[in-house]
Amino acid sequence: MNQIEDLVIAYRVLAEHAVIDGYGHVSVRSASNPERYLISRSLAPELVTEADIMEFDLDSNPIDPRGRPMYTERYIHGQIYKSRPDVNAVVHNHSPSVIPFGITPVKMRPVYHMSAFVGMGVPVFEIRDVERDSDMLVRSNPLGRALAQCLGGCGAALMRGHGAVVVAPGLSTVVGRSIYLEMNARLQMQALTLAKPEQIIYLEGGEIEKTTKMNDFMRAWELWRVRALRQLEAEKRRG
């Protein structure tokens, strides 16, 4: 596996599905050193290439900066890797349909099998509890640590008025979870327009556990990967 190539593909796939646009980022824990992670330099996701990938330690210090701009919110990634040894891939996005669930009392719940991991819990990070009158960005290790603590052992957390963070054991799963988290939010809101909250039938119990274990999204990842590679090859030919 070419870890850097797959990371570039993850950026492209998330952009194609409008989970991230000009903003947002995805990282992967280094396969050669678990105390480091890989992420792009500060760049719009759809423009990321292998040459843009940088390496950081878990305090989010660059290993070889070479004057390249860095994501302000890279601390999200470092602190989650530091607190969650089971996590090997992290996405931060501003997925629009999840925003209402971070600013209202309505909790996100799993409405179908592709988003079963939502049943692990989707807590809401309130940055005001850590820093009053912030610019809403996780721009320091203390803020990243607080977000990681809020995430706990869950597969995702919402960031009030901001977006979400999604985690998984690997890139295919974190990309799939990010796409289906957005889809789950849309479907849940649609269900709430059709029925009273107590009438909606959500996944529960063993359904959540078994389906979450089953969903590594590899079949979809293989399709997404082929499409992204075609796009990258076309860009090379044009360039």
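## A buried arginine

Let's start with Arg74, which is buried but takes part in no salt bridge. Since a salt bridge calls for a side-chain nitrogen within 4 Å of a carboxyl oxygen, the gap is worth a look in your viewer. Keep in mind that this is a predicted model.

Where does Arg74 lie? The residue sits in the loop between E3 and helix H2 (75-83). Setting aside neighbours within four places in sequence, Arg74 is in contact with Tyr37, Phe56 and Ser60.

## The sheet

Now to the strands. Seven of them make up an open sheet with mixed pairing, in the order E3-E2-E1-E4-E7-E6-E5.

Strands E1 (residues 25-29) and E2 (residues 36-40) are paired in the antiparallel sense, over three bridges. Within that region, Ser27 has Ile39 of E2 as its bridge partner.

Helix H1 (residues 3-16) lies across E1, E2, E3 and strand E4 (89-93), and runs at about 155° to E1.

The largest nonpolar core has 67 residues, and the members touching the most others are Val26, Ile80, Val174, Val175 and Leu181. H1 supplies the largest share of this core, with eight residues.

What does Leu181 contact beyond its neighbours within four places in sequence? Its partners are Val98, Met108, Phe117, Val118, Ala156, Ala164 and Val166.

Conventions: Residues numbered from 1 in each chain as written. Predicted model: local features only at pLDDT ≥ 70, side-chain atom pairs only at ≥ 80, totals over all residues. Heavy atoms only, no water. Pairing = 2+ DSSP bridges. Helix = DSSP H or I, 4+ residues; strand = E, 2+ residues; numbered from the N terminus. Contact = heavy atoms within 4.5 Å. Axes fitted to C-alpha atoms, helices over the stretch in contact; angles between N-to-C directions. Core = buried A, V, L, I, M, F, W, Y, C linked by side-chain atoms within 4.5 Å. Buried < 20%, exposed > 50% of the residue type's maximum accessible area, 1.4 Å probe, protein only. Lys, Arg positive; Asp, Glu negative; His and termini not counted.
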